[in-house]
Amino acid sequence: MKTKVCIIGGGPSGLLLSQLLHLKGIDNILLEKHSREYVLSRIRAGVLEHGFAALMREAQCGERMDKEGEIHHGFIISHDGKQDRVDLHMYSGGNSVIVYGQTELTRDLYDARSRMNGAVIHNAEDVQPHDLMSDKPYVTYRAGDEIVRIDCEYIIGADGFHGVSRKSIPKTVLREYEKVYPFGWLGVLSRTKPVSSELIYAKHERGFALCSLRSQVLSRYYIQVPLTDKVEEWTDAAFWDELKRRLSNEVASRLITGPSIEKSIAPLRSFVAEPMRYGNLFLAGDAAHIVPPTGARGLNSAASDIYYLYHAMVDHYLKGDDSGLENYSAKALARVWKAQRFSWWMTMMLHTFPDSLDYDKQLQRIDLAYLFSSEAAQRSLAENYVGLPF
Ligand code: FAS
Ligand code: PHB
């Protein structure tokens, strides 16, 4: 098989780029190791920056997002017995975020690829990029007993943290930066009315909690748990009781509980791999960077990678201009590191650290006190949360 761009990974990063390139007439093939059903069974992000939403619309995949997604102009931070609201709309100069689940967004992208007869190959096993430094790179994968070769001009590694692409960059070239947090998030999805119309980030001495949603009939909740916890140790009742302990009495009294339809523990890490280009391989999304979900930057960091790659490929193929490709890694990393900083800051401010000094606890308290005493501090939070410019 032959194509211009071979994309490894059928998550939001790979699918969005595949769709955008297709609309510009740039031939591409996407390889996904799992089935479509498996990919769509994963429950992940819930908050979209306005830049991501704009890209979805440009990809002709924004209709259901605009119809079913909820525009949020702010969120609550519950701390020290208080509920303080961050006015995103006012402090970001009129921007906001859309609450719309990654699962639905990925479904919309898959539907668009199918509608346009996009070349999306599922159950592609043992995918392997080759000859990355040559001008004739290629990718192989196994379909049953057959090894299939795809000759291409560029390879996009959008295969997530555990994918093959980043590992194809020689260790002598790759620089990795990592910080692992001493806790995880236990998340529950339940067909219940959300307890709040806006997200509630709760800082509590027992641990962090988050009240989020997917719709007015589908709630998403998280509590910070030790890394040693196993999801099977947590009954629904135990989860709801612990969540209530970390919320204000007023909010806890309104919480509507119900059976979990999904329950999982995600570890928290900060991770960046540099460079995000090696020869004709370009990394995008979780393949290159991971953030703790506290700042809702994970999926949104992938959006700017895709934006830069999309425009670089259009400039190359339609204008003969390679500057976007040459500058991709530096440009993408500049924004990735700002998202890393924001996610780290939100995580350090709102979580309970097992071995923190009393001094550290004071700093957390004063960080929140300063935030809600300073318009400049709230403007800084707001511009990061709604999404820094691409
Ligand atoms: P993805 O990991 O989504 O997709 C990569 C795709 O590549 C997968 O479908 C995988 O099957 C495929 N793949 C892997 N190896 C392959 C190979 N060798 N060959 C072919 N295909 C291969 N972000 C937030 O903003 N908020 C959240 O609350 C949040 N919660 C999360 C919870 C969990 C458990 C995880 C893991 C992530 C969470 N994230 C969250 C971050 C998440 O949303 C990612 O940022 C987002 O999925 C990034 O999308 P992709 O870069 O497409 O990577
Ligand atoms: C979610 O709804 O899953 C969600 C929202 C905001 C976050 C993290 C997760 O910061």
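Colleague: How far is an oxygen atom of ligand 1 from an N or O atom in the side chain of Ser13?

Modeller: This is a predicted model, in which local features need pLDDT of at least 70 and side-chain atom pairs count only at pLDDT 80 or more, while totals for chains, interfaces and linings use all residues. Residues are numbered from 1 along each chain as its sequence is written, chains are lettered from A and ligands numbered from 1 in the order in which they are written, and side-chain values use heavy atoms, with hydrogens and water left out. A polar contact is a pair of N or O atoms within 3.5 Å; within protein, one must be able to donate a hydrogen and the other to accept it, and residues adjacent in sequence count only if both atoms are side-chain atoms. For Ser13, the separation from an oxygen atom of ligand 1 is 2.7 Å.

Colleague: What share of ligand 1 does the protein bury?

Modeller: A backbone N or O atom of Pro12 lies 3.3 Å from an oxygen atom of ligand 1, and an N or O atom in the side chain of Glu32 is 2.7 Å from an oxygen atom of ligand 1. Taken alone, ligand 1 exposes 990 Å² (accessible areas come from the Shrake-Rupley method with a 1.4 Å probe; for residues, only the protein chains shown count as cover). Of that area, the protein buries 85%.

Colleague: How many residues around ligand 1 are charged?

Modeller: A residue is near a molecule or strand if one of its heavy atoms lies within 4 Å of it. There are 30 such residues around ligand 1, and Ser13, Glu32, Arg42, Arg44 and Gln102 come nearest. Ala, Val, Leu, Ile, Met, Phe, Trp, Tyr, Cys and Pro count as nonpolar, Asp, Glu, Lys and Arg as charged, and the others, Gly among them, as polar. The shell around ligand 1 then has 13 nonpolar residues, ten polar, and, as charged residues, seven.

Colleague: How much of the accessible area of ligand 2 does the protein cover?

Modeller: An oxygen atom of ligand 2 is 2.6 Å from an N or O atom in the side chain of Tyr222. A backbone N or O atom of Ala296 lies 3.3 Å from an oxygen atom of ligand 2. On its own, ligand 2 has 280 Å² of accessible area, and the protein covers 97%.

Colleague: Which strand gives the most to the shell around ligand 2?

Modeller: Of the 14 residues around ligand 2, Tyr201, Ser212, Arg214, Tyr222 and Pro293 come nearest. With three residues, the strand that gives the most is β15.

Colleague: Which residue takes a positive phi in the hairpin of β10 and β11?

Modeller: Strand β10 (residues 138-143) and strand β11 (residues 146-151) run antiparallel and are joined by six bridges. Val139 has Ile150 as its bridge partner in β11. Two residues lie between the strands, and the one with a positive phi near 65° is Gly144.

Notes. Two strands pair if DSSP finds at least two bridges between them. Helices (H or I, at least four residues) and strands (E, at least two) are DSSP runs, numbered from the N terminus.
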